[in-house]
Amino acid sequence: MYREAKLPSQKNKPNHIWLVFFTILFLFLIGWYLGLRFGAISYSHQDLIEVLRHPLRNSKLQDVIFDLRFPRTIAAILVGAGMAQAGAIMQGVTRNPIADPGLLGINAGAGLALILAQAFIGSMHYSLIILVCLLGSTVAALLIFTLSYRPRKGYNQLRLILAGAMIATLFSAIGQAVTLYFNLSTQVIGWQAGGLSQINWRMLSIVTPFILLGLLLAQLFAHQLTILSLDETISKALGQRTLAMTISLLAIVLLLSAASVAIVGTVSFIGLIIPHFIALFVGKDYRKLLPLAAFAGATFMLWVDLFSRIINPPTETPINAIISIIGLPCFLWLIRRGKNL
Amino acid sequence: MKKTLTTLLALFAVFALVACGNSSSQNSEKKSSSAISKMPEIQGFTYYGDIPQNPKKVVNFAYSYTGYLLELGIVPATYSLDLEKDSPAFGQDLENATQLTSSDTEAIVAQEPDLIIVFSTDENIDQLKEIAPTLVIEYASSDYLQMLTNLGQVFNKEEQATAWLNQWDEKVAEAKKDLSNVLTNDTSFTVMDFYEKNIYLYGDNWGRGGELIYQSLGYAAPQKVQEDVINKDGWFGLSQEVIGDYIGDYAVVNVNSGTKEAASSLKESDVWKNIPAVQAGHVLEVDYNLFYFSDPMSLDMQLEAFVKAVKEANN
Amino acid sequence: MKKNKQSFSIILLISLLLLVFVLSLSMGYAKSSLIDVIEVLVGKSSSSMIFIITKIRLPRIIACMLGGASLALSGMLLQTLTKNPLADSGILGINTGAGLVITIMVGFLDMTNPMTIALMPLFAMIGGILTIFIVYFMSRKKNNNISPTRLIITGVGMSSMLSGVMVSLISKINDFKMTYIVEWLSGKVNGGDWTTLAIFSPLLLLIWILTYSRSHSLNIMNLNEQTALALGLNLQRERLYTLILSTALASLSVVLVGNITFVGLVSGHITRRFLGNDHRISLPASMLVGMIILLLADTIGRILLVGTGIPTGIIVSMIGAPYFLYLMTTID
């Protein structure tokens, strides 16, 4: 129907992609290996191989590796990939470099839902917590969609973003009020600080299908996303149904980020920074950007989780603190490169 | 335009009626100041103003010491932490108390207190000083039993303090005898609670039962707990991976309705299930609301609850 | 005809303000009423009542008025500057920018020292200005136009990032002040004491006057670029002044009243709707509206929400956000 648009920035970069890919792969594998081996307890290489060879033999080692570290690292991979992709998609859809899934109210919706549930139901089993968060994110996103839809004019970027920002602020305010009123601060602070501790296979089983589905769908829509991220008139001229595409892509963002947030709590920055880093090497062709961003996001999370466990064993440093410390300089550096955003 | 105007005016008329209706023109007499406390020099206690010996209206923000005050017969008029009201040990004594935070200056003044008690880390001490005589206490500056004696000295209730301490010693000795067929002095306990995504261990002076078990009853702590918790900050956040290293013979887990399901993922995992104490059924779940504080009134009830829990775990 | 409507509106606003002021002074957690206020004025009241009214309520009310007016003013300036009715110091990240600097100061310095309080305005302004410059540069499009969407997204993104950094930072530097910062982020009116007011009121009054003196230029800025240039306006310079003034206003306000968003937005919108775009009227009017809004929210908080610790900013958000959404759905 139309020729593949090849962006000017891409014409000179074919080889970089493989270099980037292999670098990330390398970091990924090392990160995973180290993540399994180190933590509050450090195991030797021998021990790890032993356990991997005999997964069913019961031992303390096996307990830690299989019940704790494996699900944890897999969660890091999934969440990192999911959040990074969600961020990349948001930036493409809104054509803005600082768009972040939080603008769709994901974080605020999940947070408020959790707080309300804590206030009225009390303590909940983790599977219920995940469901509540998913529900909250979805309700928030739907609310935002509805509020920004005008019957005859369809969607408008500005309205969507504004609705998102407002709902996020409103939910956040209500959440704080309820927390203070019902004295829930100690109960909710863990979720708000975010973290990968206490993730087990069951939690993964609930959340993995969502994230995998989201990653897959995103890849299928990647080319459409590239077109959408160009100027609106160009994409329309190229024959794209921008409205339908926007909604579908945002739905994917919801899928990816709601599932991530439900399991890990609020995690910022990944969706913001990772896509930009990758875009530096790969340009804005989303068919290449998305998978690489996902991969890079996964690697990033693996390393962040590793750090949180080895900085001060056996205590775990909160993930958000580590991400902020890394993220802020990265963000400032990105600003300096400003013109190409 | 007219409609908005009229509605606005109506609203404000209502407002005005409410405002004028709430008058409290009765000029309250100053509380007849009775004796002033001796204000003994105690480490960690700072006095601002003339602390009354028998305060009639106490605004208390140092929630750790509510139980102590109540034991000495002083009933605070306010509380600041929900846990105070929820305490099975003394919650009902606070039935008529109002909840305030230390920055609700106006409400505090309205209480017309003759004494304000506050932690040394509070940020509003300067303002509070100007409202009423203020007693500032540094947390953990005195040992949990010593605190009773200290407060007794300040409020001229030394006899009550000594009386309680004596009967406490007797009760503790009796309890130890009672449990001596299942517990020895070397039995190790680990005190912990769970929050979403976090596990915390406590030492011998941070509530949650630590004072009772380690100090009063004198049971032991596993070596790692001794090193990392008791000898350091008194509390400690922990990764699941090593929790087994920190649990000895018994684990004392504080739960309440708000945290019941927290750490369910830990409890379902093999790491937890393979801990010897867990396998032997030696996990004592105690009421968080009761074990949070370590004041005399809470301690009395905690002792009973503890003895009961240990007996049940050994049946 | 228009003049009459304008004067009428101003008088209405002033009377509203007076009404709210008096109500606010009379009501509070302590059972009291107008009669008590009069007694204090006359000098016949109990000492605790005098204490409450003069040392607690009055400075707090004045802090709210100063903050409300300045935030409203800041919002108006930003709206004219960006030609976008949705601009507000909180949304654009200025508030949290100042907040970051405040965090650093609170973490390292002693807050009760008057020297610290005196230095706050300067540093807060620096924080605010840095932030708005970053936001501006990040949201510029290739042809130097400011797209409202980009501006707002960038502002919101910057704002949430900075608040995250603030919390992480304070927990590392000085954990005890964590509550202070968290409450600041929700909009807690902390500037209600005479020392702070003594330092901030002259500063703010000065800036108010400076701002009002620019009304004429602001009116011209509202027109399109070519007309403005044709009328001899040095656009770049005026824009810079306006930016600095509005940042200063916002930064100083948030030191007094915490991170309160929406006041600029809502008062700007109300004022423009009823009084049009002439800055000579709309600036003072929006100040009055801002004062009323913040004072009302604070009074509600003081009366209904004692003991819960719910800060004023949350109340403002709960009024402001739905209002904004309503705006969005009824207007295009």
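## A sheet in chain B

Strand β8 (residues 198-202) of chain B pairs with β9(B) in the antiparallel sense, over four bridges. Within this pair, B:Ile199 stands opposite B:Leu238, a residue of β9(B). As with everything described here, these features belong to a predicted model.

The two strands are part of an open sheet of five strands in chain B, with the order β9-β8-β7-β10-β11 and mixed pairing. At the edges stand β9 (235-238) and β11 (283-287) of chain B. Each edge strand has a single partner strand, so one side of each is left without a neighbour in the sheet. On average, neighbouring strands of this sheet are turned by 30 degrees against each other, direction ignored.

## Two helices in chain C

In chain C, the axes of helix α4 (residues 94-108) and helix α7 (residues 178-186) come within 11 Å and cross at roughly 160 degrees. Angles over 145 degrees count as roughly antiparallel. α4(C) and α7(C) are therefore roughly antiparallel to each other. Their crossing is right-handed.

Which residues of α4(C) and α7(C) meet? From α4(C) come C:Gly99, C:Ile102, C:Thr103 and C:Val106, and from α7(C) come C:Tyr180, C:Ile181, C:Trp184 and C:Leu185. Sorted by class, this contact of α4(C) with α7(C) has six nonpolar residues, two polar residues and no charged residues.

## Where chain C touches chain A

The contact between these two chains takes 32 residues from chain C and 32 residues from chain A. On the chain C side, α5 (114-139), α6 (148-173) and α14 (312-330) each supply at least two residues. Which of the elements of chain C gives the most to the side that touches chain A? It is α6(C), with 13 residues.

What classes of residue make up the side of chain C that touches chain A? This side has 19 nonpolar, twelve polar and one charged residues.

## Confidence in the model

The predicted model scores ipTM 0.80 and pTM 0.80. Chain C has an average pLDDT of 80, and 87% of the residues score at least 70. Where pLDDT is low, the predicted coordinates should not be read in detail.

How values were computed: Residues numbered from 1 in each chain as written. Chains lettered and ligands numbered in written order. Predicted model: local features only at pLDDT ≥ 70, side-chain atom pairs only at ≥ 80, totals over all residues. pLDDT = per-residue confidence, 0-100. Contact = placed C-beta atoms within 7 Å. Nonpolar A, V, L, I, M, F, W, Y, C, P; charged D, E, K, R; others polar. Axes fitted to C-alpha atoms, helices over the stretch in contact; angles between N-to-C directions. Parallel < 35°, antiparallel > 145°, perpendicular 65-115°, else oblique. Left-handed = near helix turned anticlockwise from the far one by under 90°. Pairing = 2+ DSSP bridges.
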